Amino acid sequence: MTGDDVTGGAVAGVAGVVLAAGAGRRMGSPKALVTIDGQPLVLRAVAALADGGCAHVAAVTGAAAAEVAAVVGRAADGAGVHTGGWAAG
């Protein structure tokens, strides 16, 4: 793959995964939902992967799954995958 393969868009067959399942106990709220410059961290991560050439991006949710999935759903091709064992690590 050359640099030209990712210029201007996604690379077919390349996917990205954002791990956004933690409760953020030490922070007091899930880190995925913390906002910087008005944008939740999970959305920033999804956008970074898409901008980096990932054709598909999924976020693994756990704590605050509905809220994280709602945020990810606003992103282009953002898909959520819920893990039931998120609290166990």
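Helices (H or I, at least four residues) and strands (E, at least two) are DSSP runs, numbered here from the N terminus. With that in hand, welcome to a predicted model, in which local features need pLDDT of at least 70, side-chain atom pairs count only at pLDDT 80 or more, and totals for chains, interfaces and linings use all residues. Residues are numbered from 1 along each chain as its sequence is written, and side-chain values use heavy atoms, with hydrogens and water left out.

**Overall layout**

- The chain has 2 helices and 5 strands, and from the N terminus on these elements follow the order β-β-β-α-β-α-β.
- Of its 89 residues, 28% are buried, where buried means under 20% relative accessible area, exposed over 50%, and partly exposed in between (1.4 Å probe, protein chains only).
- Among the contacts (heavy atoms within 4.5 Å) with a separation of 6 or more, 56% come from residues 24 or more positions apart.
- The accessible surface comes to about 5300 Å², and carbon and sulfur atoms own 57% of that; such areas come from the Shrake-Rupley method with a 1.4 Å probe, and for residues only the protein chains shown count as cover.

**The nonpolar core**

- A nonpolar core is a set of buried Ala, Val, Leu, Ile, Met, Phe, Trp, Tyr and Cys residues joined through side-chain atoms within 4.5 Å.
- The largest one here has 12 residues, including Val-18, Ala-32, Leu-43, Cys-54 and Val-68.
- At least two residues of this core come from each of strand 1 (11–20), helix 1 (41–51), strand 4 (54–61) and helix 2 (65–72).
- As background, nonpolar side chains tend to be buried together in soluble globular proteins.

- Val-42, Leu-43 and Val-46 are the buried residues named in helix 1; they sit on the same side of helix 1 because they cover an arc of only 100° around the axis, the arc being that of the directions from the helix axis to the C-beta atoms.
- The packing partners of the buried residues of helix 1 are strand 1, strand 3 (39–40), strand 4 and helix 2.
- Just after helix 1 comes Gly-53, with a positive phi of about 110°.
- In helix 2, the buried residues are Ala-65, Val-68, Val-71 and Val-72; they fall within an arc of 130° seen down the axis, so they line one face of helix 2.
- An α-helix has 3.6 residues a turn, so residues three or four places apart point the same way.

- Thr-61 belongs to strand 4 and counts as buried because its relative accessibility is 3%.
- Leaving aside neighbours within four places in sequence, Thr-61 is in contact with Ala-20, Ala-21, Val-68, Ala-69, Val-81, His-82 and Thr-83.
- Ala-64 lies in the loop between strand 4 and helix 2, and its phi is positive, near 50°, although Ala-64 is a residue other than glycine.
- With a relative accessible area of 23%, Ala-64 is partly exposed.

**Other places to look**

- Asp-37 sits in the loop between strand 2 (35–36) and strand 3, where it is exposed at a relative accessible area of 76%.
- Asp-37 is not a glycine, yet it has a positive phi of about 50°.
- Gly-85 is in the segment after strand 5 (78–82) and is partly exposed, at 41% relative accessibility.
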